Number of protein chains: 2
Amino acid sequence: MKVNLKPKTVMYPSPAVIATAFDENDNPDSCTLAFAAPISHFPPAIVIGINSTLKRKTLVSILKSKEFCVGFPSANHAAEADYIGIDSSYDVDKIERVGWTFEDGDIVHAPVINELKVTAECKVIDIKEVGSHTQITGEIVNIRADENVLDESGKIDFEKLNPLLYDVLKRDYYCIGDKVADAFNVGLKYHD
Amino acid sequence: MKVNLKPKTVMYPSPAVIATAFDENDNPDSCTLAFAAPISHFPPAIVIGINSTLKRKTLVSILKSKEFCVGFPSANHAAEADYIGIDSSYDVDKIERVGWTFEDGDIVHAPVINELKVTAECKVIDIKEVGSHTQITGEIVNIRADENVLDESGKIDFEKLNPLLYDVLKRDYYCIGDKVADAFNVGLKYHD
């Protein structure tokens, strides 16, 4: 039987990503987010949401610089990713605190965290206030990836990346499980 | 060593959700999407992206009705979810084709697929064209959930839902794996 639940923010699953930007003094700001999705293929674009009711320096820096990176933690990065969602870049250099390092993006001026295997460099193309959060849409202009996360065809290998995922309601991190099926394939049995 | 990859739409992981809406004749339109994220806590809101360069009747119906549902398939729904991303609601009643049924939403007038364990009912609050896709932000005004997907405290249990996830680059479906850590907890070791 179906029941009504009080409206809460749900999305199953959500990713756990790390948004980064430089402030006006080139200090690296970083912030872990579950509010992130692909949003366009052409041009490639993603959308992120950052809480504008909390002390989020990364949000201020993205709105100023109009450039940011989104890095994808692996399952073994749960502690670092979690911490980067707890403290504020106003108070501490979180990247340094967790023992990580960064380099500048190749196309945008925003920190690429060296320890993350895949990072998307983005330029802001839309900003919209949505309730407690600022919704930021960014065009992906470059992807930085570790060579060892690529498959033999040069594509990012999902299992080698082993991305961290998040249960936004119960606040738990999970890893990915087994491959279930090929898309645009397993459903063809219903197609005429 | 890090390398640059040609910009493509990446998000690790992405969900695989099913957006639904009624057309003006109350026919149920449905469309599987990987472009979906939570975007605000207060009010609860999500954002979805639907390809506007393809034949997507669900997009037309959402833009007209300003109401939609987002249902979350479980790992055992991969074939049905995949099919609903292949054919067009202009050509076939996809919900019927896969042997599923629906009821009307409790708050919004949009189809809630009975076979999905959790569905968010949404009202459109923002629309923005982003390249190949239409970015639609919706406030979650109700959640319909199977009683058997709830834990003892009445919250949606991530593992009972066992949501389907998606590798947007290599087009593979995965299931969730093991719980890795508690959020706002495992990172506290870096906090002063």
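1. Burial in chain A. Of the 192 residues in chain A, 64% are buried, where buried stands for a relative accessible area under 20%. This figure, like every other in this note, comes from a predicted model. The accessible surface of the chain comes to about 7,100 Å², and carbon and sulfur atoms account for 46% of that surface.

2. Confidence. For the complex, the predictor reports an ipTM of 0.96 together with a pTM of 0.97.

3. Overall build of chain A. The chain contains 4 helices and 13 strands. Its radius of gyration is 17 Å, close to the 16 Å that the globule rule gives for 192 residues, and chain A is therefore as compact as a globular protein of that length. Along the principal axes, the C-alpha atoms fill a box of roughly 60 × 45 × 30 Å. Among contacts in chain A with a separation of 6 or more, 59% are between residues 24 or more positions apart.

4. Charges in chain A. Chain A carries 20 positive and 30 negative side chains, and a distance of 9 Å separates the centres of the two sets.

5. Helix H1 of chain A. This helix covers residues 57–65, and its buried residues are Lys57(A), Thr58(A), Leu59(A), Ser61(A) and Ile62(A). An α-helix has 3.6 residues a turn, so residues three or four places apart point the same way. The buried residues of H1(A) pack against several strands of chain A, including S3 (17–22), S4 (28–33) and S6 (45–51); strands S7 (67–72), S10 (118–130) and S11 (133–146) are also among their partners. Just after the helix, Lys66(A) takes a positive phi of about 60°.

6. Lys66 in chain B. A positive phi is also found at Lys66(B), where the angle is near 65° in a residue other than glycine. Lys66(B) is placed in the loop between helix H1 (57–65) and S7 of chain B. With a relative accessible area of 40%, Lys66(B) is partly exposed.

7. Asp26 in chain A. Although Asp26(A) is not a glycine, its phi is positive, at about 65°. The residue belongs to the loop between S3 and S4 of chain A, two strands against which the buried residues of H1(A) pack. Asp26(A) is partly exposed, its relative accessible area being 42%.

8. Cis peptide bonds. In chain B, the bond from Tyr12(B) to Pro13(B) is cis, with omega near -10°, and Pro13(B) is found in the loop that runs between strand S1 (2–5) and strand S2 (14–15) of that chain.

9. His77 in chain B. This histidine sits in the loop between strand S7 (67–72) and helix H2 (78–84) of chain B. Because its relative accessibility is 8%, His77(B) counts as buried, the cut-off for that class being under 20%. Leaving aside residues up to four places away in sequence, His77(B) touches Trp100(B), Glu115(B) and Leu116(B).

Technical notes. Residues numbered from 1 in each chain as written. Chains lettered and ligands numbered in written order. Predicted model: local features only at pLDDT ≥ 70, side-chain atom pairs only at ≥ 80, totals over all residues. Heavy atoms only, no water. Buried < 20%, exposed > 50% of the residue type's maximum accessible area, 1.4 Å probe, protein only. Contact = heavy atoms within 4.5 Å. Rg over C-alpha atoms; globule rule 2.2 N^0.38 Å. Areas by Shrake-Rupley, 256 points an atom, 1.4 Å probe, with all protein chains shown as cover. Lys, Arg positive; Asp, Glu negative; His and termini not counted. Charge placed at Lys NZ, Arg CZ, Asp CG, Glu CD.
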